[in-house]
Amino acid sequence: MRILLTNDDGILAPGLAAMRRQLVTLGEVDVVAPATPQSAAAHAITVPGPIAVRHVRVGEAFEGYAVDGRPADCVKLALGPLLPHRPDLVVSGINDGANVAINVLYSGTVAAAAEGALFGVDAVAVSLERGESMDFDRAAQIARHVIERLVTAPPGGDAATPARGKLSRRRGWLVNLNIPALRPGVPRGLRVVRQSTQPMQDTYSRHEAPDGRSYFWLEGAFDESAYESATDLHALCEGYVALTPLHFDLTNERLLEQMNAAQFLKSDVSIA
Ligand code: MN
């Protein structure tokens, strides 16, 4: 199995190195990651270019491509001109911080995985909730167990098996894996749950710069008293690893049906 490893915290991030150490037990790993931190880049891409790419050695640990671009750029380049072979799996992470609920929309970690799935490669986004200590090695072991399970028993069964020659039409599966802040007794287990849509409570603190201008610093938090059960946010809060299958079709199916049933366009709306 060939695995493309990327992230949004940059190629020097400890979470990426820890994930790589575990993934090499599953297959051949190529690293293509942003040269600099790109958290909250979401699904941005660098257009119009150019995108500088350097082949780098990260300490004595590994070699890879450092991309002067966004997480989704990394996956685009890796599936395109950069690598001589197509990966069987994209792994993005391990992100420094959880990517649950509405943060899924802001996350560069999830977007990089989504980019893989969009182009037919199964993909996993991996994030570790912030805690007192960030034990990326232990988180990577947990992630590896889940990834092993996902690739040996793929979600969707046969439907997830690529039909050769039809790769361009196939979508890969995309799962978002979040590991709770590690402490004794945690994780308590694994839950397969939906994404919470609970927004964060945004708090901006206001400061004065030495030149007199104001600047703002965003510190968002979730209202723990309002957690919906059976969601990624709730599972993480209870100390469970949260696994959420995602898709990137944003269509509101219920509204689509209602609008078609009501013959929305044929009634009063003139588009002529
Ligand atoms: Mn990040």
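What follows is a short tour, in questions and answers, of a predicted model.

Visitor: Which residues are the protein donors of the manganese ion?
Guide: The donor atoms lie 2.1 to 2.2 Å from the ion. In sequence, the donor residues are spaced D-D-x29-S-x55-N. The protein donors are Asp8 (OD), Asp9 (OD), Ser39 (OG) and Asn95 (OD1).

Visitor: How many residues apart are serine 39 and asparagine 95?
Guide: Both are donors of the manganese ion. Serine 39 sits in the loop between β2 and β3 (53–58), and asparagine 95 in strand β5 (residues 89–96). The pair links distant parts of the chain, which are 56 residues apart.

Visitor: Is serine 39 buried, partly exposed or exposed?
Guide: Buried needs under 20% relative accessible area, and exposed needs over 50%. Serine 39 has 46% relative accessibility. That value falls in between, so serine 39 is partly exposed.

Visitor: And asparagine 95: buried or exposed?
Guide: Asparagine 95 has 6% relative accessibility. The limit for buried is under 20%. Asparagine 95 therefore counts as buried.

Visitor: Where is alanine 40, and what is its phi?
Guide: Alanine 40 is in the loop between β2 and β3. Most residues other than glycine have a negative phi. Alanine 40 is not a glycine, yet its phi is positive, at about 65°.

Visitor: Is alanine 40 buried or exposed?
Guide: Its relative accessibility is 58%. The cut-off for exposed is over 50%. So alanine 40 counts as exposed.

Visitor: What is the phi of alanine 230?
Guide: Alanine 230 is in the loop between β10 (214–218) and α6 (232–237). At 49% relative accessibility, this alanine counts as partly exposed. Its phi is positive, in a residue other than glycine, and is near 60°.

Visitor: What is omega for the cis bond joining valine 186 and proline 187?
Guide: Proline 187 is found in the loop between β7 (174–179) and β8 (190–192). A cis peptide bond joins valine 186 to this proline. Its omega is about 10°.

Visitor: Which residues does histidine 234 contact, leaving aside neighbours within four places in sequence?
Guide: Histidine 234 is in helix α6. With 18% relative accessibility, histidine 234 counts as buried. Its contacts beyond those neighbours are Arg191, Tyr227, Glu228 and Ser229.

Visitor: Which residue in β10 stands opposite serine 205?
Guide: Strand β9 (residues 204–208) pairs with β10 in the antiparallel sense. The pairing runs over 5 bridges. Opposite serine 205 stands tryptophan 217.

Visitor: Which glycine takes a positive phi in the hairpin of β9 and β10?
Guide: The hairpin has 5 residues between the strands. The phi in question is near 95°. The residue is glycine 212.

Visitor: How is valine 24 classed: buried, partly exposed or exposed?
Guide: Valine 24 is in the loop between α1 (14–23) and β2 (28–34). Its relative accessible area is 38%. Buried is under 20% and exposed over 50%, so valine 24 is partly exposed.

Visitor: What separates the C-alpha atoms of valine 24 and asparagine 7?
Guide: Along the chain, the two residues are 17 residues apart.

Terms used: Residues numbered from 1 in each chain as written. Predicted model: local features only at pLDDT ≥ 70, side-chain atom pairs only at ≥ 80, totals over all residues. Heavy atoms only, no water. Helix = DSSP H or I, 4+ residues; strand = E, 2+ residues; numbered from the N terminus. Buried < 20%, exposed > 50% of the residue type's maximum accessible area, 1.4 Å probe, protein only. Donors = N, O, S within 2.8 Å, 3.2 Å for Na, K, Ca; no water. Contact = heavy atoms within 4.5 Å. Pairing = 2+ DSSP bridges.
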